[in-house]
Amino acid sequence: AIEKGWLESWRKNGWKKSDKGKVLNVDLWGKLIELLDRHSVEFVWVKGHNGHDYNERCDKLATAFADSL
């Protein structure tokens with residue numbers, strides 16, 4: 001959403017997507033925007049479930065948390 005410019009479009013359009021649907025998790029996007037304004041960040045796409053150590057670690061953490069609910 002950030003690299004493709006969607007985030008800026010959503011903000012300009014009152015948090016509506018191009019199909020006029022509502023953007024989900026607007027509160028979380030807002031928090032991310034605040035952080036991006038304060039920090040220099042580079043987003044790098046990583047293919048999931050492909051042996052990338054950090055991606056595999058994040059998947060394990062996310063899955064464990066979801067299973068705990």
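Contact here means heavy atoms within 4.5 Å. This is a predicted model, in which local features need pLDDT of at least 70 and side-chain atom pairs count only at pLDDT 80 or more, while totals for chains, interfaces and linings use all residues. Residues are numbered from 1 along each chain as its sequence is written, and side-chain values use heavy atoms, with hydrogens and water left out.

The secondary structure of the protein consists of three helices and zero strands, where helices (H or I, at least four residues) and strands (E, at least two) are DSSP runs numbered from the N terminus. Along the sequence the pattern reads α-α-α. The radius of gyration is 15 Å, well over the 11 Å that the globule rule gives for 69 residues, so the protein is more spread out than a compact globule. That radius is taken over C-alpha atoms, and the globule rule is 2.2 Å times the number of residues to the power 0.38. The C-alpha trace spans about 35 × 30 × 25 Å along its principal axes.

Of the 69 residues, 6% count as buried; buried means under 20% relative accessible area, exposed over 50%, and partly exposed in between (1.4 Å probe, protein chains only). Among contacts between residues at least 6 apart in sequence, 20% join residues at least 24 apart. The accessible surface comes to about 6,300 Å², and 54% of this belongs to carbon and sulfur atoms. Accessible areas come from the Shrake-Rupley method with a 1.4 Å probe; for residues, only the protein chains shown count as cover.

The aromatic residues are a place to start. A pair of aromatic rings is described by the distance of the centres and the angle of the planes. Rings of Phe, Tyr and Trp (its six-membered ring) pair if their centres lie within 6.5 Å; planes under 30 degrees apart count as stacked, over 60 as edge-to-face and the rest as tilted. Two aromatic pairs are found in a search of the whole structure. In one of them, the ring centres of Trp6 and Trp10 are 6.4 Å apart and the planes stand at 40 degrees, so this pair is tilted. Trp6 and Trp10 are four residues apart in helix H1, which means that about one helical turn separates them. Trp6 is partly exposed, with a relative accessible area of 43%, whereas Trp10 is buried at 12%. Trp10 also forms an edge-to-face pair with Trp29, at 5.4 Å centre to centre and 70 degrees between the planes. Because Trp10 lies in helix H1 and Trp29 in helix H2, this pair ties together parts that are 19 residues apart in sequence. Trp6, Trp10 and Trp29 form one aromatic cluster.

Next comes the loop between helix H1 (6-12) and helix H2 (26-38), where Trp15 is placed. Leaving aside neighbours within four places in sequence, Trp15 is in contact with Leu7, Trp10, Gly21, Lys22, Val23, Val26, Trp29 and Ile33. Trp15 is partly exposed, because its relative accessible area is 21%. The phi angle of Trp15 is near 65 degrees, a positive value in a residue other than glycine. Trp15 and Asp67 are 52 residues apart in sequence, and their C-alpha atoms are 31 Å apart in space. Lys20 is found in the loop between H1 and H2. Its phi is near 75 degrees, again a positive value in a residue other than glycine. Lys20 is exposed, with a relative accessible area of 67%.

The loop between H2 and helix H3 (53-68) holds Val46. Val46 is partly exposed at 32% relative accessible area, and touches His52 and Asn55, not counting residues up to four places away in sequence. Glu42 lies in the loop between H2 and H3 and is exposed, with a relative accessible area of 70%. Glu42 and Glu3 are 39 residues apart in sequence, and 9.4 Å separates them in space, C-alpha to C-alpha.

Charge remains. The protein has 12 positive and 11 negative side chains, and the centres of the two sets lie 7 Å apart. Lys and Arg count as positive and Asp and Glu as negative, with His and the chain ends not counted. The place of a charge is taken as NZ of Lys, CZ of Arg, CG of Asp or CD of Glu.
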